[in-house]
Amino acid sequence: MPRREILAAHEKEAFDSPPVFNSVERKRFLDVTPRVQAILRTLQTPSNAVAFLVRLGYFKATKRFFGAEFRTVDVEFAARKLGFLPELIEVEDGHKATMNRHRRMILTYLGFHKFDDAAKSVLHTEIRSMVRSQASPKFIFRQVVDILEHRKVEIPSSWTLTELILDAIQQHKSELSATIENQLPDKTRRTLDALMQMPDGDMDSVLQRTKLALLKRISQSMRPAKIKTTVDDFRVLRELYREIAPIAALLDLTPDGIGFYAKAVAKSQVFQIIQRSGSDRYLHLICFVTHQCFRLQDALVDILLATVQSVTGTCDREHKELYFNGRDERKQTIRRFLNRLDEGAFAPLTNIETIAFDKGLQDSDKVQQIRNVLVAAKAARESASENLDGLRAQLERHTDDAEYFRALEARSIKLQNRVSEIVKCVEFHGTESGLLEAIHHYQLRDAVITQHSPVAFLPADEQESLYDDDGKMRVSLYKALLFLRVANAVKSGALNISLSYKYRSLDDYLIPRADWEANRKEYVTRAELDGVADCGFRLAQISETLHSRYVHTNRRVLGGENEHVRFFKDGSFHVITPKAEQEDSEPLGFVFPEKRYISLLEVLSTVNRASGFVDAFEHWQTKYSRSRPPDRAFYAGIIGLGCFIGTRKMAQISSQIDAFELENTVNSRFSVENVDAANDRLLAFMGSLPLTDVYRREPDNLHTSSDGQKYEVAVDSLNANYSFKYFGQGKGVAAYNFIDERHFLFHSTVISSSEREAAYVIDGLMHNDVVKSDIHSTDTHGYSEVVFGVMDLLGFSFAPRLKNLKGKVLYSFQEHRRKDYEQQECRILPSKYVDEGLVHRYWDDILRLSATIKLKHATASQIFRRLNSYSTQHPLYAAIKEYGRPLVSDFILRYVDQMGFRQSIEKQLNKLESSNKFSRAVGFGSEEFLQGEKVEQEIAEGCRRLIKNSVVCWNYLYLSQLLADEDDPKQRAQLLAAIKNGSVVTWQHINLHGEYDFSDAKLRDSVGLEAPKLKAFSLG
């Protein structure tokens, strides 16, 4: 049986063939520098010299050698470049010895290494890591090419790389199969087989479902009955996991690897799983149980956090309302008290004072009159005393938060109905011993609370509130406070969950410490961190750069060269950014067809013929060999999901679309990975269009940006959160999108509306292999000092749009003190110094974190989600933040100094604003996500991104055609200028909403509504 290929035939041919240069590239890669000229003089014949120059150009472009294969146009260009007649040059019949000599010379000249056994050994380690994560072979192929290029090693033929990758995949599969065969106990095999058996009983067989089928989906509802079902499912899976945990540990799969096999089970029918070979079937089932167990526990913790947040929010509002509503009552009480105090104390005292010092009265008369005054004021004093008691009671009530605890106690039943079973079954770990004791007590006693239940986890004031006036435990309040403490501890990182993807300890996400310490040098090299491995050297570099920036920026301010800085009396400043003279925000509607609309279906079909993006929708079974569905099924799925119509409705309102075929296509071929791959194919094709480069400010520098857009969710979703500002009483999510200056939308994800966007900035930059960002911008929500620090170590330049510069703190190093700058009359000055000691102490952990992200052991958002929760106490967070502070200061100084830099940031972020409007137009089917699970939401958002990229690509093709057809140079230059100063993100000429059918058949009543009969119908 022949081995399957990784690349398609046309991809393989393109990879193994010399590059096709355009005129600009040919001049660039076949340039003759003085060093090249010196090498050429050592070659004996013109043909030899030409062959060398062309081989050198090909290698510079691709990092590959192509033997004696040359393109005629390149040979002719090189010959003329060297002053030879092309017809006299013969390069096709080059000797092997000559080719090898050229190869050695080129590698030496460019500082590259040959692809030898040492390079294979390095690649084997990298490939092995990716295979463990079950990355697709094509993804591994692309990554291997990048690794070789970064390590300056020549790239071999596609056959060589394919063999290496397929051998590693086969070896990994053999090892997994051997582990299953040799280590899986018979008892566990029977347990796994039972998952696929029908339950016993008299139930109608049509309604019966296997336990495996019942465990596939996770409810997104927060209704008590649904939560109970989720808890029951988790308990079943947890018992299964405890049985398979030993064998799962031996398999040593990464979370991605586990997810790969688990998703295959989720998409398969039971009979398809049964048909697998024994070891393969058990491997899939083990991964499914592990994956679902982790996901279910994450879902339960999500429910716990969301429920607690909802209840505490309600209690906070009610407490505030009670406090504010009691203002009038308190005012009246105080007023009555003061009046009575005046009548019963102050006024009588004044009278007594007058009587006492009246020299005309005898002492006996004074005593009698004083008695009369006191008797007359007695009623007022008693009333004042009563009012004082009432005022004290009111003040004590609000001071001790008794009302808040009462409100919390009143809502405890709601909490218990949703959270109690979760706390009883989730396995918590952490450092808060008092809280862990209370949780274990709660679990062991089956939620029964007594007078002797642990209370040490609560502060003193809350402990006092637990007991009523008779000294009895307020059980409902105890449980509510316990749930609150558990939720806060999970969010803060004090409590972790081991069987989890989202709530493990921070250290669990990083490269294992023992592995890091044993192989630190190798990890640093693989993550390309050699240049920053020495903390002292790196900080010295930053210090010198920052000092130069302070001097340069202030010199321009003092010299009047920077007229856009405004200073306040306290020494703070802000900067004015005038709009750029040319803004590429104007749509190019006047250029596109005006007499007819282009249907969205036509756009997708045209762009697919050019880019082949539909080919990326591979069947989830890698060995799937049946015929692929027709392209129209993919277009219908993309439109149904991307336009927020829904696939079921799409099938009902479309002709030539079979509902079963569409549903099967979406279920078997639409995944986050495939949708991303389809977008990547489209982006790669657009990148080959020369016209796209007109939007680049600099030829070798690509500016990108990212921003989020809020959407409501129409169904239950644990990924959604309340936000009154955006959704009123509803819940929603944020679609976070990335775009470059050519209008390529290269990444998207869907996150909870309550999450900080900064955690996902690095994810988008690390994810994409087609768009390589050189400088990235966000708004203020995507900025943090930690992100600055990590992005610097990962090799990205970060340039956010900053608001409120007046409130920003500038830093410097101790060797460049504030007073030194003051002596130079600088006006923009540092306020604090970098704590270099803190950075030095945790530099190794900072490198470990950076290597973890760079090598894709975990995503930046996973790490940041836990790292941010520790923000007040975790030293690693503080150290990265400290490292980022001088980088932020350097950026602010550059931001203040360079008006063009600020304008480029604004201009790039404006592209996203236009794209967000485009998103609303594309999602015309609904203003809400129709999917509840995060993965399904990301597939829908990815389809919407694919539609937007397709429209942008169609626009590029249309504009390129106009330029190609324009013979008048002047008209062509004007058109090119209009394109450059306009925006290809325009869709007015595209019919996004489909077509209406006004045929007679569609005018007939298809339901059979009889108006006369219905008018006579009586409700009685």
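The legends below describe close-up views of one predicted model.

Residues are numbered from 1 along each chain as its sequence is written. Because the model is predicted, local features need pLDDT of at least 70 and side-chain atom pairs count only at pLDDT 80 or more, while totals for chains, interfaces and linings use all residues; side-chain values use heavy atoms, with hydrogens and water left out.

**Figure 1. The whole protein chain.** The protein chain has 45 helices and 17 strands; helices (H or I, at least four residues) and strands (E, at least two) are DSSP runs, numbered from the N terminus. Taken along the principal axes, the C-alpha atoms of the protein chain fill a box of roughly 145 × 90 × 75 Å. Of its 1020 residues, 50% count as buried. Buried means under 20% relative accessible area, exposed over 50%, and partly exposed in between (1.4 Å probe, protein chains only). Among contacts between residues at least 6 apart in sequence, 75% join residues at least 24 apart, a contact being heavy atoms within 4.5 Å.

**Figure 2. The second largest pocket.** This pocket has a volume of about 1000 Å³. Its lining is made up of 28 residues, and Met650, Ile653, Ser654, Gly994 and Glu995 lie nearest the pocket centre. At least two lining residues come from each of α28 (600-611), α29 (631-642), α30 (647-653) and α44 (1000-1003). By type, the lining divides into 14 nonpolar, 9 polar and 5 charged residues. Here Ala, Val, Leu, Ile, Met, Phe, Trp, Tyr, Cys and Pro count as nonpolar, Asp, Glu, Lys and Arg as charged, and the others, Gly among them, as polar. Pockets and cavities are found on a 1 Å grid over the protein atoms alone: a pocket is an open set of points with protein on both sides within 12 Å along at least five of seven lines, a cavity is a set of points where a 1.4 Å probe fits but cannot get out, and lining residues have an atom within 4 Å of a point. Grid points are joined across faces, edges and corners, and a volume is the space filled by probe spheres set on the points.

**Figure 3. The largest cavity.** The structure holds 1 cavity of 30 Å³ or more, and about 30 Å³ of space lies in the largest cavity. Its lining consists of Met222, Asp302, Ile303, Ala306, Ser717, Leu718, Ala720 and Lys731. Helix α15 (residues 278-325) gives the most to this lining, with 3 residues. The lining residues divide into 5 nonpolar, 1 polar and 2 charged.

**Figure 4. Glutamine 937 and its surroundings.** Glutamine 937 lies in helix α42 (residues 934-965) and is buried, with a relative accessible area of 0%. Its side chain reaches the backbone oxygen of glutamine 931 at 3.1 Å, a polar contact (a pair of N or O atoms within 3.5 Å; within protein, one must be able to donate a hydrogen and the other to accept it, and residues adjacent in sequence count only if both atoms are side-chain atoms). Leaving aside residues up to four places away in sequence, glutamine 937 touches Val713, Ser717, Asn719, Val733, Val750, Phe929, Gln931 and Gly932.

**Figure 5. Two loop residues with positive phi.** Most residues other than glycine have a negative phi. Glutamine 656, in the loop between α30 and α31 (659-669), has a phi near 65°. This glutamine is exposed, with a relative accessible area of 65%. Histidine 743 has a phi near 75° and is found in the loop between β9 (731-740) and β10 (745-752). At 2% relative accessibility, histidine 743 counts as buried.

Figure 6. The structure holds 0 disulfides, a disulfide being a pair of cysteine sulfur atoms within 2.5 Å. For cysteine 293, the nearest cysteine sulfur is that of cysteine 425, 9.9 Å away. Cysteine 293 counts as buried at 0% relative accessibility.

**Figure 7. Glutamine 171 in helix α9.** Helix α9 (residues 158-183) contains glutamine 171, which counts as partly exposed at 36% relative accessibility. Not counting residues up to four places away in sequence, glutamine 171 touches His124 and Arg128. The C-alpha atoms of glutamine 171 and serine 1006 are separated by 60 Å, and the two residues are 835 residues apart along the chain.
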